[in-house]
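Student: Hi, could we go through this structure together? I'd like to start with single residues and work up to the chains.

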Amino acid sequence: MERRRQALLLAFPTALALFVFFLVPMAYILLRTLFTNGTSDFTAFFTDPFYLDILWTTLRVSLLSTGISLLLGYPVAYFMARTRSRMKKVMMVIILFPFLVSAVVRSYGWMVILGTNGLLNQLLLALGLISRPLKILNTEAAVIIGMIHLLIPYMVLSLVGVLQSIDPNVEYAAYSLGATPAQTFAKVVFPLSLPGILSGCVLVFTMSMTSYVTPKLLGGSKFRMMATMVVQEINVNFDWSAASAVSYILLAVILAVQVVIVLLTSGYMKRMGGGKNG
Amino acid sequence: MDDRRVNWACRVLAGLVMVFLLAPLVVIVIASFTPTALITFPPKGFSLKWYANIFHASTHFINGLVNSLKLGLIATGVDVFLGVFAALAVCRYDFKGKNALLNYFTSPMYVPSVAFAFVLLQVYSQIGGIPGMARLLIGHLVIILPYIVRNTVSVLHVFDWTLEDAATSLGAAPAQVFFKITLPLAKPGVLAGALLAFLYSFDEVALSSLLSTPKFVTLPIRIMNYMELTFDPTLAAISTLLILASLVLIVLMEKLVGLDMFVK
């Protein structure tokens, strides 16, 4: 009992700060929204094709970015987990470096590369591969490129730990029993790395669903995702009811994903024998 | 498929991803030395005039930098205390509901910052009279806390608590035990968490877009505002300085805690 009191005493300042500055405001505003406007804001959202289209765009961009980040990040993480050369450290630095640079700066870099007069168009024109500059900046493609750039480091860092914990001897055992590399990957490495894949994908998907800077800078003024829409409703349209509907729906989607993942992982852990680090 | 070919393909793909990750940063650095307002490759000459432009008062970059540093350092400083206390409470003692408590401390992670910003905006509009810096600081204190808690917990999770008992039995006072045993051993987690928290605060845009007042504007917002008016290499120059700062941070982190701290 004494220990419990000590623990609570230690936790009290932080718990109080979160309660006052986070929990109370969130609950107060949600209740106020529900009591003053009822659910009309939310029904308005789900009956308006304009808003549904924004939700769909956000989901589509996030799913694509997550999928591509996984496809590109997995080989990198696997290579880093298995190599014993100095390359590992070099790659770690290259992955952490952009990770520590502001999203505004990184988006700016992509604007310089993908713009109408950008590096890519200058290059393609000089090589004679195109006769007129391609429009890449201010399209969904640019947003996805910028997003992947933002997400790959998170994906790789989530995967490396799990892949490192898979004993290489397990793979050798599969080979010695006659499995091809493809079989070894599909039946041994991939299933064992699923927890890392799952946690990486959830992290990255959540980040892209809620991202603001990348869609705003690379998507142009006509491209809208949920987070940019919230800011636009408030700062440009002055429509706070719409902003609150959009932001609560975004929050609901994020929480739903978390719940599904918790359920999925607990089922997976049970099947795998419930290892603590599963 | 032959094993060596798979290995080789893996290597090439990894190399291409590295190029992809570095490309925008390298391009920015090269662009910052272009003498012309329109960025061309290769640059037609060499100039440092865009760097001089950063300090020109009309860009407000220095003012933004000072604001962002103030905000990030205060928020991180306060949260290191709150976060380490919270992590200690959860890891050091065994009690019912400790997992729930940990989830509570990390819960701001699951709320989109733009949604939380809007909630704060509505609260502020009802209370009124909260100065620009405090409006942002409250938001930052909340959203960066999980990073410090999580990273500290990840170290304390594998911490050998009998070391504390050993120190106590050798006559160390509780404060001595904390500062000479517990804190030094938890340092890598606390430092990594504090770094990530500071960077999150320094780069944060969604909260600042909704909550900042004309008197208190942070650097990322200044850069985005500048971008909308003029798209000249001054942006590349200020970006290059920020990239350089990140590089210094990486070296510092490698020296202090080792980069493996960031592997989940």
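Student: Is Val170(A) buried or exposed?

Tutor: Keep in mind that this is a predicted model. Val170(A) is exposed, because 12 other C-beta atoms lie within 10 Å, and 12 or fewer is the cut-off for that class.

Student: Where is Val170(A) placed?

Tutor: Val170(A) is in helix 8 of chain A, residues 168-176.

Student: Which residues does Ala243(A) contact, leaving aside its neighbours within four places in sequence?

Tutor: In chain A, Ala243(A) is in contact with Val230(A), Glu233(A) and Ile234(A), and from chain B there is Phe118(B). Leu203(A) is another matter: it is 40 residues away in sequence and 24 Å away in space, C-alpha to C-alpha.

Student: Switching to the fold: what secondary structure do the chains have?

Tutor: Chain A has 12 helices and 0 strands. Chain B comes to 11 helices, also with 0 strands.

Student: What about dimensions and burial?

Tutor: The C-alpha trace of chain A spans about 75 × 70 × 35 Å along its principal axes, and 43% of its 278 residues count as buried. For chain B the box is roughly 70 × 70 × 40 Å, and 41% of its 264 residues are buried.

Student: How much of the contact set joins residues at least 24 apart?

Tutor: In chain A, 73% of the contacts with a separation of 6 or more are between residues 24 or more positions apart. In chain B, the share is 78% among contacts between residues at least 6 apart.

Student: Let's do helix packing. At what angle do helix 3 and helix 8 of chain B pack?

Tutor: Helix 3 (residues 61-92) and helix 8 (residues 174-203) of chain B pack at about 145°, and their axes are 9 Å apart. The crossing is right-handed.

Student: Which residues meet there?

Tutor: From helix 3 of chain B, they include Ser68(B), Leu71(B), Gly72(B), Ala75(B) and Asp79(B). Among those they meet in helix 8 of chain B are Val190(B), Gly193(B), Ala194(B) and Ala197(B). By class, this contact has 9 nonpolar, 6 polar and 1 charged residues.

Student: Where does helix 3 of chain B bend?

Tutor: Helix 3 of chain B bends by about 25° at Asp79(B), a residue that is also in the contact with helix 8 of chain B. Helix 3 of chain B has 32 residues and reaches 44 Å from first C-alpha to last, close to the 46 Å expected.

Student: Which kinks lie shortly before a proline?

Tutor: One is in helix 6 of chain B, about 35° at Ile144(B), shortly before Pro146(B). Another is about 30° at Gly73(A) in helix 3 of chain A, shortly before Pro75(A).

Student: Why is helix 6 of chain B described as largely enclosed?

Tutor: Because 21 of its 25 residues are buried, helix 6 of chain B is largely enclosed by the rest of the structure.

Student: Last topic, backbone angles. What is the phi of Asn138(A), and of Phe238(A)?

Tutor: Asn138(A) has a positive phi of about 65° although it is not a glycine, and Phe238(A) has one of about 55°, again without being a glycine. Most residues other than glycine have a negative phi.

Student: Where do those two lie?

Tutor: Asn138(A) is in the loop between helix 6 and helix 7 of chain A and counts as partly exposed, with 19 C-beta neighbours inside 10 Å. Phe238(A) is in the loop between helix 11 and helix 12 of chain A and is exposed, with 9 other C-beta atoms within 10 Å.

Technical notes. Residues numbered from 1 in each chain as written. Chains lettered and ligands numbered in written order. Predicted model: local features only at pLDDT ≥ 70, side-chain atom pairs only at ≥ 80, totals over all residues. Helix = DSSP H or I, 4+ residues; strand = E, 2+ residues; numbered from the N terminus. Buried ≥ 20, exposed ≤ 12 C-beta atoms within 10 Å, placed from the backbone. Contact = placed C-beta atoms within 7 Å. Axes fitted to C-alpha atoms, helices over the stretch in contact; angles between N-to-C directions. Left-handed = near helix turned anticlockwise from the far one by under 90°. Nonpolar A, V, L, I, M, F, W, Y, C, P; charged D, E, K, R; others polar. Bend = angle between axes of the 7 residues up to and from the residue. Expected span 1.5 Å × (residues − 1).
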